[in-house]
Amino acid sequence: LEEDHDMAVPGLVHRYADRALLLATSMCAMYCRHCTRKRVAGRREWSLAPSRLKRIVDYLRANPQIRDVIISGGDPLTMATERLETILAAVRSVESVEIIRIGSRTPVTLPMRITDELTAMLRRYQPIWLNTHFNHPNELTTTASQALARLVDAGIQVGNQTVLLKGVNDDPQVLETLFRALVRNRVRPYYLFQCDLVRGVEHFRTSISQGIAIMEYLRGRLSGLAIPTYVVDAPGGGGKIPVLPNYVVTVSPTHTVLRNFEGMLVSYPEPRQDNGGQGPCAGTAAEAPTVFDLAAGGCGTILPERSARILRRARRRS
């Protein structure tokens, strides 16, 4: 991902204009085989030195366009509370920094680390968002749920970043169960990551087409609140690229043809144009309506013959 090429000063990656990534430590509570930072994490134990923290703060002050700082590593919550507070206080001292985010897997790997002392400290540096990393419903144990509740009850917004892993969670029903459980625990599914091109994990990687198929399955079965963005972290430092099923079928100067999760096709009129027909495309026995008819504004929709929603409507009418 070429993070080192975007290292503005030691310990601070500045890739996107308005945000930067602060590497606070190399230590984690456990070391994930699929970790994108395994070149750093667990190889040699270190935490951010005061001299480096000062250079980072100086850089943040000199670049006020950075409004969002992500504190990661390693796992920053493996640090002593006092040491983590030193970093949070230093970053919060920069007036242009509006949001602090923490990336941590301790709610999964060391949930007893989420103590009242820790959450009380974090509350002093709001607004803070914490993104954690649940990959499978089995990881949402009672202890993990209690840790999440402590964070949320302390006013900390919690999101989740799942990595798509072959043989672990590359099943749409497994991910549906996970995302429903996260929302029940007041955690917003944020990203579904394509597994990165990390050495030694080829057997964990799925195809992008499989990820798109999973997203196709989730849409319409889960509310938007429970559906993460599927992203590929691009090699060569390209950053996170969202990958979605294609819901735009075709476009014309007057209408855009969209489809929904059921396969329903909709003619959406563009502004300041004749809206055309807005009813279903009835067609004739000789000639069924086509996508062209929608794009030309000749009718409004083409309905799938046996979608669950259409059948429910028919039952209500009868």
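**Note on the predicted chain**

1. Arg186 belongs to the loop between α6 (172-184) and β8 (188-194). With 45% relative accessibility, Arg186 is partly exposed. As background, most residues other than glycine have a negative phi, and most peptide bonds are trans.

2. Cis peptide bonds come next. The bond from Gly73 to Gly74 is cis, with omega near 25°. Gly74 is placed in the loop between β4 (68-72) and α2. The bond from Gln126 to Pro127 is also cis, and here omega is near 0°. Pro127 falls in the loop between α4 and β6 (128-132).

3. Now the overall picture. The chain has nine helices and 14 strands. Its C-alpha atoms fill a box of roughly 80 × 45 × 40 Å along the principal axes. Of the 318 residues, 47% are buried. Take the contacts with a sequence separation of 6 or more: 68% of them join residues 24 or more positions apart.

4. How do α2 and α4 pack? Helix α2 (residues 81-92) and helix α4 (residues 116-123) meet at an angle of about 10°, and their axes are 11 Å apart. An angle under 35 degrees counts as roughly parallel, so α2 and α4 are roughly parallel to each other. On the α2 side, the contact is made by Thr81, Glu82, Leu84, Glu85 and Leu88. Helix α4 supplies Glu117, Leu118, Met121 and Leu122. By type, the residues of this contact are five nonpolar, one polar and three charged.

5. Glu117 gives a close-up of that packing. The residue is part of helix α4 and is partly exposed, at 48% relative accessible area. Leaving out residues up to four places away in sequence, Glu117 touches Thr81 and Glu82. Thr81 is 36 residues away along the chain, yet the C-alpha atoms of Glu117 and Thr81 are separated by 8.2 Å.

6. Lys240 carries an annotation. UniProt, in an unreviewed entry, places "modified residue: N6-(pyridoxal phosphate)lysine" at this position. Such annotations may be inferred rather than shown by experiment. In the model, Lys240 lies in strand β10 (residues 239-242). The residue is partly exposed, with a relative accessible area of 32%. Which residues does Lys240 touch, not counting residues up to four places away in sequence? They are Tyr16, Tyr191, Phe193, Val231, Val232 and Asp233.

7. Last, Ser267. Is this residue buried or exposed? Ser267 is buried, with a relative accessible area of 2%, and the cut-off for buried is under 20%. Strand β13 (residues 265-269) holds Ser267. The Ser267 side chain reaches the backbone oxygen of Leu294 at 2.7 Å.

How values were computed: Residues numbered from 1 in each chain as written. Predicted model: local features only at pLDDT ≥ 70, side-chain atom pairs only at ≥ 80, totals over all residues. Heavy atoms only, no water. Axes fitted to C-alpha atoms, helices over the stretch in contact; angles between N-to-C directions. Helix = DSSP H or I, 4+ residues; strand = E, 2+ residues; numbered from the N terminus. Parallel < 35°, antiparallel > 145°, perpendicular 65-115°, else oblique. Contact = heavy atoms within 4.5 Å. Nonpolar A, V, L, I, M, F, W, Y, C, P; charged D, E, K, R; others polar. Buried < 20%, exposed > 50% of the residue type's maximum accessible area, 1.4 Å probe, protein only. Polar contact = N/O pair within 3.5 Å; in protein donor to acceptor, adjacent residues only side chain to side chain.
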